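Please open the model in your viewer and keep the sequence panel beside it.

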Amino acid sequence: MLFPLIALSQNTYRKEIEKDIKLLPQLKDTARIDCLYELSNRYRRIHDLDSATYYANLLYEDLRKVNYTHGMAEAF
């Protein structure tokens with residue numbers, strides 16, 4: 001009985017992921033950082049660790065560019 005709930009949750013995350021990926025190229029500054037953070041976390045929640053790591057690395061690089069050390073530590 002738990003499996004349908006897990007599948008539903010993953011489908012919800014996947015829809016949110018698709019929406020954010022389409023939106024990402026248009027975002028700048030903190031909006032981009034927030035989006036990258038959410039993408040990394042959503043991929044982590046569906047156990048796609050390669051994609052989660054990819055977006056966490058993009059997030060880290062954006063944070064490094066603005067020298068936001070607390071955010072870099074969180075992304076790491």
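The expected span of a helix is 1.5 Å times one less than its number of residues. Helices here are DSSP runs of H or I with at least four residues, strands are runs of E with at least two, and both are numbered from the N terminus. The model is a predicted one, in which local features need pLDDT of at least 70 and side-chain atom pairs count only at pLDDT 80 or more, whereas totals for chains, interfaces and linings use all residues. Residues are numbered from 1 along each chain as its sequence is written, and side-chain values use heavy atoms, with hydrogens and water left out.

**Whole chain**

Begin with a cartoon of the protein chain, which contains four helices and zero strands in the order α-α-α-α. Next, colour by pLDDT, the predictor's confidence in each residue, from 0 to 100. The mean over the protein chain is 85, and 86% of its residues reach 70 or more. Among the elements, α3 has the highest mean pLDDT (93) and helix α4 (residues 69-75) the lowest (75). Where pLDDT is low, the predicted coordinates should not be read in detail.

Then colour by burial: buried means under 20% relative accessible area, exposed over 50%, and partly exposed in between, with a 1.4 Å probe and protein chains only. Of the 76 residues in the protein chain, 30% count as buried.

**Helix α2**

Select residues 29-45, which form helix α2. The 17 residues of α2 reach 25 Å from first C-alpha to last, close to the 24 Å expected at 1.5 Å a residue. Show the side chains of its buried residues: I33, C35, L36, L39, S40, N41, R42 and Y43.

Move on to H47, in the loop between α2 and α3. Its phi is near 65°, a positive value in a residue other than glycine. H47 is exposed, with a relative accessible area of 65%.

**Helix α3**

Select residues 49-65 for helix α3. Which residues of α3 are buried? They are S51, A52, Y55, A56, L59, D62 and L63. An α-helix has 3.6 residues a turn, so residues three or four places apart point the same way. Turn to the face away from the buried side, where the exposed residues L49, D50 and K65 are carried.

**The aromatic cluster**

Display the rings of Y43, Y54 and Y55, which ring pairs link into a cluster. Rings of Phe, Tyr and Trp (its six-membered ring) pair if their centres lie within 6.5 Å; planes under 30 degrees apart count as stacked, over 60 as edge-to-face and the rest as tilted. The structure holds two such pairs. The rings of Y43 and Y55 have centres 5.7 Å apart and planes at 5°, so this pair is stacked. It links distant parts of the chain, with Y43 in α2 and Y55 in α3, 12 residues apart. Both Y43 and Y55 are buried. The rings of Y54 and Y55 have centres 4.9 Å apart and planes at 85°, so they are edge-to-face. Y54 counts as partly exposed at 47% relative accessibility, and Y55 as buried at 11%.

**Last stop**

Finish at N67, in the loop between α3 and α4. N67 has a positive phi of about 55° although it is not a glycine, and it counts as exposed at 57% relative accessibility.
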